[in-house]
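Subject: Structure handover

Hello,

Here is the structure I promised to pass on. Please open it beside this email and follow along.

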Amino acid sequence: MADPPAAVEVDELVVRYGELTAVDHLSFRADAGQVTALLGPNGAGKTSTIETAEGYRRPAAGRVRVLGLDPVADHAEVVRSLGIMLQRGGVYPGIRPLEAIELFAAYYDEPLDPRALLERVGLGDRQSTTWRRLSGGEQQRLSLALALVGRPRVVVLDEPTAGLDVTGRQLVHRIVGELRDDGVAVLLATHDLADAEALADHVVIIDHGVAVADGPLDRILSGEGDEIRFTSTPGLDVDALGGHLGAPVEEVRPGTYLARRAPDPAAVAALTAWLAERGAALGELRAGRQRLEDVFVRLTAEPTAGEDRR
């Protein structure tokens, strides 16, 4: 049976700024009822991709579809079903939270109740405070409310937990989970890999304008199976350790090591014994499943000189 249509479909997208190619034949999809994390280093092409999906940038080649529509040619129709949370700005400094939500609500036929939405994002007691007097975290919460007021079918969240305290982060996580449960497609752009790992169903990692990873979170984190990752004293003799384990060992970054051997009990025992003989403490040990940060660093670690992506 064929897959259902994607809520957001990016197909061989190319975005250029003069001679600079910021996005280079990028393809991925974001489905309804899922959180798709769009990750990448600064300048990887995430912003250009998102701006194209929002209809604010025309592609040089390829295509983007949001709910089957062209976000440029069908912009007026797309924005009725699209909620966008900007990382910063976009709100008049003198406006109050309730006024802002009521203003945005007026653009939609069936908006959420503004007062109830304020309570949902934890700003019920700040409804009369001007934007400029809200804390950075409170401004983030209001931006989230403005993205949700129109009952969107697709939500784009740009760094939604930036500047939030623990309570604010938990609130955002809960709301994102509710959106997923309601069948909304959430496109999450973030540098917070812990957030992405906690929230995402699907992950797309972009580097230098191309996708270097694209798939379900569990599959991306499953690793290659035959590997052990651990932390210990920086600068260990990886050649000697590799000889002891009978497998190559690499220090992927200071104090973090990768041994390319199946994580069976004998291998783990040999590793811990070798470290103990040298007085080197064993920190974190991971066998098989990786952290998203490990995958991200490995796939985006090689810089390309002279690149200026957006």
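A residue is called buried when its relative accessible area is under 20%, exposed when it is over 50%, and partly exposed in between, using a 1.4 Å probe and protein chains only. By that rule, 46% of the 310 residues of the protein count as buried.

Two notes on reading the model. It is a predicted model, where local features need pLDDT of at least 70, side-chain atom pairs count only at pLDDT 80 or more, and totals for chains, interfaces and linings use all residues. Residues are numbered from 1 along each chain as its sequence is written, and side-chain values use heavy atoms, with hydrogens and water left out.

**Confidence**

pLDDT is the predictor's confidence in each residue, from 0 to 100. The protein averages 91, and 94% of the residues score at least 70. Where is pLDDT under 50? Look at residues 304-309, which stay under 50. The model has 10 contacts there beyond four places in sequence; a contact means heavy atoms within 4.5 Å. Where pLDDT is low, the predicted coordinates should not be read in detail.

**The whole chain**

The C-alpha trace spans about 70 × 45 × 45 Å along its principal axes. The accessible surface comes to about 14800 Å². Carbon and sulfur atoms hold 48% of that surface. These areas come from the Shrake-Rupley method with a 1.4 Å probe, and for residues only the protein chains shown count as cover.

The secondary structure comes to 11 helices and 13 strands. Both are DSSP runs numbered from the N terminus: helices are H or I with at least four residues, strands are E with at least two. Now take contacts between residues at least 6 apart in sequence: 68% of them join residues at least 24 apart.

The domain assignment gives domain 1 (6-217) and domain 2 (228-288). Such bounds come from an automatic or database assignment. The two domain centres, taken over C-alpha atoms, are separated by 41 Å.

**The sheet S2-S1-S4**

Start with an open sheet of 3 strands, in the order S2-S1-S4, with antiparallel pairing. Strands pair if DSSP finds at least two bridges between them.

Strand S1 (residues 8-17) is joined to S4 by 5 bridges.

His-25 is found in strand S2. Its phi is near 55°, a positive value in a residue other than glycine. His-25 counts as partly exposed, because its relative accessibility is 46%.

Leu-67 lies in the loop between S4 and helix H2 (75-79). Its phi is also positive, near 55°. At 25% relative accessibility, Leu-67 counts as partly exposed.

Arg-153 sits in the loop between helix H5 (136-148) and strand S6 (154-158). Is Arg-153 buried or exposed? Arg-153 is exposed, because its relative accessible area is 53%. Beyond residues up to four places away in sequence, Arg-153 touches Leu-67, Ser-81, Val-184 and Ala-185. Gly-83 is 70 residues away along the chain, yet the C-alpha atoms of Arg-153 and Gly-83 are separated by 7.8 Å.

**Strands S10 to S13**

Strand S10 (residues 228-231) runs antiparallel to strand S12 (residues 256-259), with 4 bridges. S10 also has 3 bridges to strand S13 (residues 285-287), again antiparallel. Ile-228 shows both links: its bridge partner in S12 is Ala-259, and in S13 it is Ala-287.

Strand S11 (residues 249-253) joins S12 through 4 bridges, antiparallel. Val-249 stands opposite Ala-259. The hairpin of S11 and S12 has 2 residues between the strands, and Gly-255 takes a positive phi near 85° there.

In a regular strand the side chains alternate between the two faces of the sheet. In S12, Thr-256 and Leu-258 point one way, Tyr-257 and Ala-259 the other, and all are buried.

Best wishes
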